[in-house]
Each structure stands twice: as structure tokens, then as C-alpha cells.
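Dear colleague,

Please find below the sequence and structure that I am handing over to you. My findings follow directly after it.

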Amino acid sequence: MQAAPVRATAIPSFTDALRAVESLLMSSGQRTARRNAWTSVLEDRRRAKDRVEAQRVLEQTLLPRS
């Protein structure tokens, strides 16, 4: 049996290929993508703050009064 021939250049992995495509597609829209990501972070923080406030109000409302 003969051994399979050895390639001199490595075949890029699927992940490497995806990264290459991403870099080509994202380069022009990177500013918009970052702006959208930051807007999402701020919105998530606002929702978390609202949840904490709602929880506090519910706990105060449900506590038995002496």
C-alpha cells in the first residue's frame, strides 16, 4: 500500500474560510455593526434595570403590612 501524498500547503479549515468571508463582508459595514452592537448593549442594560425596579416594586407590594 502506498501512503497518501502529502500536500505542501495546508487546506484552510471551515472556520478559517468563514473568517475570511466575514472580513470581506464586514469591512465596509464595521462602523454600523459596532454601533448596532453598542445600541443593543445599552438596551439590554436598560431592560435589566427595569427588571430590577419591577422586582423591587413587586416585593414591596406583596410584603405583608404590620
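I begin with one pair of side chains. R56 and E53 stand three residues apart in helix α1, which places about one helical turn between them. The two residues form a salt bridge, and their closest N and O atoms are 2.5 Å apart. R56 is partly exposed, at 39% relative accessibility, and E53 is likewise partly exposed, with a relative accessible area of 38%. Please bear in mind that this is a predicted model.

Helix α1 covers residues 14-62. Of the 66 residues in the chain, 0% are buried. The chain exposes about 6800 Å², and 60% of that area is supplied by carbon and sulfur atoms.

Salt bridges

Side chains of opposite charge can pair when their charged atoms come close. Across the whole structure, the search finds five salt bridges. Besides the pair described above, I would draw your attention to E43, which forms a salt bridge with R46 and another with R47.

In the pair of R46 and E43, the closest N and O atoms are 2.5 Å apart. Both residues belong to helix α1, where three residues, or about one turn of the helix, separate them. R46 has a relative accessible area of 40% and is therefore partly exposed, the range for that class running between 20% and 50%. E43 also counts as partly exposed, at 30% relative accessibility.

In the pair of R47 and E43, the closest N and O atoms are 3.6 Å apart. This distance qualifies as a salt bridge because the cut-off is 4 Å between a side-chain nitrogen of Lys or Arg and a carboxyl oxygen of Asp or Glu. R47 and E43 are four residues apart in helix α1, again with about one helical turn between them. R47 is partly exposed, and its relative accessible area is 36%.

Which residues are linked with E43 in a network of salt bridges? The network joins E43 to D44, R46, R47 and D50.

Nonpolar surface

Elsewhere, V21, L24 and L25 make a nonpolar surface patch of about 340 Å². Among these residues, L24 lies in helix α1. Is L24 buried or exposed? With a relative accessible area of 67%, L24 is exposed, because the threshold for that class is over 50%.

With kind regards

Conventions. Residues numbered from 1 in each chain as written. Predicted model: local features only at pLDDT ≥ 70, side-chain atom pairs only at ≥ 80, totals over all residues. Heavy atoms only, no water. Buried < 20%, exposed > 50% of the residue type's maximum accessible area, 1.4 Å probe, protein only. Areas by Shrake-Rupley, 256 points an atom, 1.4 Å probe, with all protein chains shown as cover. Helix = DSSP H or I, 4+ residues; strand = E, 2+ residues; numbered from the N terminus. Patch = residues over 30% accessible without salt bridge, like charges linked within 9 Å, V, L, I, M, F, W, Y side chains within 5 Å.
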